[in-house]
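These are my notebook entries on one structure.

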Amino acid sequence: MTVGKLINIGYGNVVHTEKVLAVVSPDSAPGKRLIQAARDEGRSIDATQGRKTKGLIVMDNGYVVLSALLPETIAGRFNESGISDRISDKEGDCE
């Protein structure tokens, strides 16, 4: 069993890497619907510290974390921590 890491998603907020399904932009219509549905159902976590939402982090339990960082920045932090290498290895096992 691999042990996940915590990555910083901005302003001292962190998420557990093994729980993240996707990091997406909130600017598209589907992104906006995702935010609204999560808010309506009580599944949103606002980690923006009052700043503009620039990234959405979809968690495996259905929660949506709103971040003030761009998806590219968050993905870069995954890459820095070596998480993307483990994900690529897992994907290769499925072939």
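Entry 1: terms and ground rules. I take helices (H or I, at least four residues) and strands (E, at least two) as DSSP runs, numbered from the N terminus. The model is predicted, so I noted that local features need pLDDT of at least 70 and side-chain atom pairs count only at pLDDT 80 or more, while totals for chains, interfaces and linings use all residues. Residues are numbered from 1 along each chain as its sequence is written, and side-chain values use heavy atoms, with hydrogens and water left out.

Entry 2: the chain as a whole. I found 3 helices and 6 strands in the protein chain. Read from the N terminus, the order of elements is β-β-β-α-β-β-β-α-α. I call a residue buried under 20% relative accessible area, exposed over 50% and partly exposed in between (1.4 Å probe, protein chains only). Of the 95 residues in the protein chain, 33% are buried. For contacts I require heavy atoms within 4.5 Å. Among contacts with a separation of 6 or more, 50% join residues 24 or more positions apart.

Entry 3: strand 5. I asked how many residues of strand 5 are buried. The result is 5 of the 5, so strand 5 is largely enclosed by the rest of the structure.

I next looked up the partners of strand 5, where two strands pair if DSSP finds at least two bridges between them. Strand 3 (residues 20–24) pairs with strand 5 in the antiparallel sense over 4 bridges, and Ala22 stands opposite Val58. Strand 6 also pairs with strand 5 in the antiparallel sense, over 4 bridges. There the bridge partner of Val58 is Val64. Strands 5 and 6 form a hairpin with 4 residues between them, and Gly62 in the turn has a positive phi of about 95°.

Entry 4: strand 6 and Ser67. Ser67 belongs to strand 6 (residues 64–67). Is Ser67 buried or exposed? Ser67 counts as buried because its relative accessible area is 0%. Both faces of strand 6 are covered: Val64 and Leu66 are buried on one side, Val65 and Ser67 on the other. Leaving aside neighbours within four places in sequence, I listed the contacts of Ser67 as Ile9, Thr48, Lys52, Thr53, Lys54, Gly55, Ile57 and Ile74. A polar atom of the Ser67 side chain lies 3.0 Å from the backbone nitrogen of Leu69.

Entry 5: strand 4 and Asp46. Strand 4 (residues 44–46) contains Asp46. Strand 4 runs parallel to strand 6 and is joined to it by 3 bridges, with Leu66 as the bridge partner of Asp46. I also noted that Asp46 and Ser67 are 21 residues apart along the chain, while their C-alpha atoms are separated by 7.0 Å.

Entry 6: the nonpolar cores. I count as a nonpolar core a set of buried Ala, Val, Leu, Ile, Met, Phe, Trp, Tyr and Cys residues joined through side-chain atoms within 4.5 Å. The largest has 11 residues: Ile7, Ile9, Val15, Val20, Ala47, Ile57, Met59, Val65, Leu69, Ile74 and Phe78. Strand 1 (6–10), strand 5 (55–59) and helix 2 (71–81) each supply at least two residues of this core. Not counting residues up to four places away in sequence, Met59 touches Val15, His16, Lys19, Val20, Leu21 and Val65.

Entry 7: charges. Side chains of opposite charge can pair when their charged atoms come close. My rule for a salt bridge is a side-chain nitrogen of Lys or Arg within 4 Å of a carboxyl oxygen of Asp or Glu. The count by this rule is 1 salt bridge. Arg43 forms a salt bridge with Glu41, and the closest N and O atoms are 2.6 Å apart. Glu41 counts as exposed because its relative accessibility is 53%.

Technical notes:
Polar contact = N/O pair within 3.5 Å; in protein donor to acceptor, adjacent residues only side chain to side chain.
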